[in-house]
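Notebook open, model on screen. I'm jotting down what I looked up, one topic at a time.

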Amino acid sequence: MIISVASGKGGTGKTTVATALALSVGYCQFMDYDVEAPNSSFFLKPYIKHIQKVTIKQPYFLTETGEDFSKCAEFCNYNALAVLKDDVIFFPELCHGCGGCMLVGPEGAVREKDVEVGEVKKGVTSPNIDYYMGDLKPGSMRTVSVQSALDKAIIPWELVIIDCPPGTSCPMVFSVKDCDYCILVTEPTPYGLNDLKLSIDVLEKMGKPFGVVINRDGIGDDEVEKYCIKNGVKILAKIPNDKEIAKYYSIGESLVEYDKNWKQKFENILEEIEKDLVV
Amino acid sequence: MKQMTIISGKGGTGKTTVASNFIKLANDHIAVDCDVDAANLHILLEPKIIKEEEFTGGAIATVTGECINCGKCEEACRFKAISDSETGIKINPIRCEGCGVCVYLCPANALELKPDRQGSSYVSETKFCILVHARLNPGAENSGLLITRIRNTAEDIANDKDLKLIIIDGAPGIGCPVISSLNGVDATLIVTEPTLSAISDFKKVYEVAKIFDIKVFVCVNKFDLNLENTKEIEDFCKSNNIKLIGKILYDDKVSIYLSQKKFIVDCSESEAAIEIKNMWENIKGYLYGR
């Protein structure tokens, strides 16, 4: 079973919930798909055994051959290529590495090389968690390529917990596309509510079952709760607003370490999700 | 005309809160919300939309003809968007990046690239300035393109009305939307927090800002949450010659002001108000001082 932990708004507590769930259950594959800003390692403290470079293929053009590369530029849907009279200007940050230019260009004059866009780190953490995290290289736009490398490691019949990136665009959708259930973490503020509605919209369109965790409960207002009740959205848990929890967070201590009672609560949440999915 | 972008790396550190207060304090300016997939600037600014435009960026491969199950498309697709091509054909729109390789290779002309309506962009009036914002459709891919489009719109308006400044609220992360909202700006403010997570993300997003050679300012929100971590941020700034221009106290009331649709700078009892005003003076001094 794959559980994705997502949120529209950033900083609402995705990683807090995902890591606490993993530590409470004790066994799972934990995947940090927030490859632009991965933070789960602070809380899970994995022993990293293996680092794999993530590369994409990018073209280079043998202009000294005097060949005409204009077909390559015409083909490129990302405008990563401009062909001048006797030169080719390539914009690597726009290239998706699709291989199209090599396909349509003069034979042998378009070559490809591997370009690093990030890393996947694999490790273990106690009690029985297989840990994977993607880390995008600063300056690269290939978020999805790093996530795609994580996809390969997923063993869907085990319990898989995915810590998602914020937002509702491609990196978020990519992280929930294979999940059986999505936990949406929000906070009771107008920003939290606005972005919760956006992420519910995404999940409903994708047909994914979901429930909500309200973090920093007590701050702001009660509009999020009212919205959930009115729309029949299940509230899985409320984590109180507490400066002590924030202090624990600041040094990378999990919610379960702050208060052992959360272990039982998260086990119950998992049970509830499993029950939901059977029905 | 000057441009400045507010970013953070980690989400939820206070980008939009700082941005909206700067927007209230500034003069002769225009605002852009570049967090196009979870925009929040409109919540405090309460814009009235005066112009809406459809945004079509990119395309998705679609089966429109008779597939002969040759499997060529599946083999060539670098994004693993095509499956079951030898028994039927399935295209996963989430994975498809619209490159067109499959369309080119299909011997049966069974595939086409269909333009993908990916969102809308808006020009709005607010009490303080014009706001250019957008809504990217769920799962849409071209956030960078949409951001470039709304930034161009803002630049046109600013030139036309002879405005001095564009204030840009950025997205979390370090990827495509962040890069697109940093490209060509004069300065950036990174809002961070004294937590291990936020510090790690701050350093990553700083790497990105360095690539663009932009003047970087830093603000530590909730600095008293962990003074040791705040010290680490201060030391990092010092050794990298980054100007730390503000430290904001941890204050739960900020969320209450937000729920009441109040700007912090209007709440005279809030210490954060003074700090944000000072930060703004500092940035203004840099932008207009030269």
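**Chain B, overall.** I began with contacts in chain B between residues at least 6 apart in sequence: 75% of them join residues at least 24 apart. Contact here is when the C-beta atoms of two residues, placed from the backbone, lie within 7 Å. This is a predicted model, where local features need pLDDT of at least 70, side-chain atom pairs count only at pLDDT 80 or more, and totals for chains, interfaces and linings use all residues. For my numbering, residues run from 1 along each chain as its sequence is written, while chains are lettered from A and ligands numbered from 1 in the order in which they are written.

I checked confidence next. pLDDT is the predictor's confidence in each residue, from 0 to 100; chain B has a mean of 95, and 100% of its residues reach 70 or more. For the complex, the predictor gives an ipTM of 0.94 and a pTM of 0.95.

Chain B holds 10 helices and 11 strands. I take these as DSSP runs numbered from the N terminus, helices being H or I of at least four residues and strands E of at least two. Along the principal axes, the C-alpha atoms of chain B fill a box of roughly 70 × 45 × 40 Å. Of the 290 residues in chain B, 54% are buried. Buried means 20 or more other C-beta atoms within 10 Å of the residue's own, exposed means 12 or fewer, and partly exposed is in between, with C-beta atoms placed from the backbone.

**Strand β9(B).** Why is β9(B) largely enclosed by the rest of the structure? I found that 5 of the 6 residues of this strand (187-192) are buried, so the rest of the structure largely encloses it. Strands count as paired if DSSP finds at least two bridges between them. β9(B) pairs with β1(B) (2-7) in the parallel sense over 4 bridges, and 6 bridges join β9(B) to β10(B) (215-220), also parallel. Leu189(B) is the bridge partner of Ile6(B) and stands opposite Phe217(B) in β10(B).

**Helices α1(B) and α5(B).** In α1(B) (15-25), 9 of the 11 residues are buried; Lys15(B), Asn21(B) and Phe22(B) are among them. I then picked Arg149(B), which is in helix α5(B) (143-161). Arg149(B) counts as buried because 20 other C-beta atoms are within 10 Å. Leaving aside neighbours within four places in sequence, Arg149(B) is in contact with Phe55(B) and Ser121(B). Phe55(B) is 94 residues away from Arg149(B) in sequence, with 8.9 Å between the two C-alpha atoms.

**Cores.** A nonpolar core is a set of buried Ala, Val, Leu, Ile, Met, Phe, Trp, Tyr and Cys residues joined through C-beta atoms within 7 Å. The largest one has 150 residues, and Val5(A), Ile161(A), Ile167(B) and Cys219(B) have the most contacts inside it. Helix α7(B) (196-211) gives this core its largest share, 8 residues. Not counting residues up to four places away in sequence, Ile161(A) touches several residues, including Val5(A), Leu21(A) and Phe30(A).

**Where A meets B.** How many residues does each chain bring to the contact? I noted 54 from chain A and 51 from chain B. On the chain A side, α7(A) supplies the largest share, 8 residues.
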